[in-house]
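Thanks for coming. Let me put the chain up on the screen, and then I will walk through a few places in it.

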Amino acid sequence: MANRSFDDDYEFALCLTHDVDRPYKTFQAPYYAAAECDPSHLRSLVADERPYWQFEELMALEDDLDVRSAWYFLNEKRLWEKSPREWLEPRNWMLYTGRYDITDPEIVDVVRALDDGGWEVGLHGSYDSYDDRERLRYEKRVLEDVLGDSVRGGRQHYLNTKLPDTWEHHQEIGLRYDASYGSSDSYGFDGQYDVLRPFNDEFVVFPLTVMETTLFSQTSSVDAAWRECRRLLEEAADNGAIMTALWHPRYLNEEEFPGYRTIYRRMIEEAKALGGWVGPPAECYDRLTAVTP
């Protein structure tokens, strides 16, 4: 039996989210070419192929299933904005190079197409912004200028947080929810079936239940990943839970990441079959605030 009432019409909720980190394949091309001894990865550097540009494919998939999701857009610093000493750190090249420009016309078109189609557009706070309120405020303002509307929530890049400070920053800049609370090393509910209300007010935290890379790295096959995913859905249904899933758009590329697209589709189909509501956190938030005193 469910232990809480998300919505009288549904057994549980599945919130769908996408962190838009790298829509272009850049440094990954030579890395995978060398690691896998497969020069075909280099095609994206010299041809028109864009294997990580999965916006239209993912929108079509969700449209076919009659669901919507949240897309969190990143406005990351560039490496030259860091101190010269930090240029020597290999990790910083991964963090701050090869990113997209949120104001690039092609990205702007995508953001507005998502909004026009009923998807949620949210903030993917840059890596260092977790404890930089003014940087977060700036990133939110730029994204809202692109969107032409207000942003209601988001998630910090790499789930990078300093708690409760990050939540305080989010609330102060006008966000209604955060979806950063969770781990990239494990998946599951860990007994947390509801949202968190860290300040005992209307600001809400959606704990992350499952991320695709963690699910696949900790299971032995696509079938095993699906069994775990179905187990989580059944646990959500049994406990009237709010389950949050993160699928990065680039993992919809079946050629490089076989099975990821299949599991995502099956997860949505199974959630509906189990009586779950499926949609973006902002809509879930509205439902919560409508039923919560």
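First, how elements are named: helices (H or I, at least four residues) and strands (E, at least two) are DSSP runs, numbered from the N terminus. Asparagine 75, for example, is in the loop between strand S2 (70-74) and helix H4 (90-96).

Two notes on sources. This is a predicted model, where local features need pLDDT of at least 70, side-chain atom pairs count only at pLDDT 80 or more, and totals for chains, interfaces and linings use all residues. Residues are numbered from 1 along each chain as its sequence is written, and side-chain values use heavy atoms, with hydrogens and water left out.

Confidence next. pLDDT is the predictor's confidence in each residue, from 0 to 100. The chain average is 87, and 82% of the residues score at least 70. Residues 27-47 stay under 50. Where pLDDT is low, the predicted coordinates should not be read in detail.

The overall picture. The chain has eleven helices and nine strands. Of its 293 residues, 52% are buried. Buried means under 20% relative accessible area, exposed over 50%, partly exposed in between (1.4 Å probe, protein chains only). Contact means heavy atoms within 4.5 Å. Among contacts with a separation of 6 or more, 76% join residues 24 or more positions apart.

Now the core. A nonpolar core is a set of buried Ala, Val, Leu, Ile, Met, Phe, Trp, Tyr and Cys residues joined through side-chain atoms within 4.5 Å. The largest one has 60 residues, and those with the most contacts inside it include Leu14, Trp71, Phe73 and Met267. Helix H9 gives the largest share of this core, seven residues. Apart from it lies another core, of 15 residues, among them Ala13, Cys15, Ala179 and Val204.

What does methionine 267 touch, not counting residues up to four places away in sequence? Its partners are Leu14, Leu16, Trp226, Cys229, Leu233, Met243, Ala245 and Trp247.

That residue brings us to H10. Beyond four places in sequence, arginine 265 contacts Leu61, Asp64 and Leu65. Just after the helix, glycine 275 takes a positive phi of about 90 degrees.

Back to asparagine 75. Buried or exposed? Buried, because its relative accessibility is 13%. Leaving aside neighbours within four places, asparagine 75 contacts residues including His124, Ser126, Arg135 and Glu139.

Glycine 125 is in strand S3 (residues 120-125). Its relative accessible area is 0%, so glycine 125 is buried. Beyond four places in sequence, glycine 125 touches Leu74, Leu136, Glu139, Arg155, Gln156 and His157.

Last stop, arginine 250, in the loop between S8 and H10. Arginine 250 is buried yet has no salt bridge. A salt bridge needs a side-chain nitrogen of Lys or Arg within 4 Å of a carboxyl oxygen of Asp or Glu. Lys and Arg count as positive and Asp and Glu as negative; His and the chain ends are not counted. The nearest side chain of opposite charge, aspartate 21, is 4.1 Å away.
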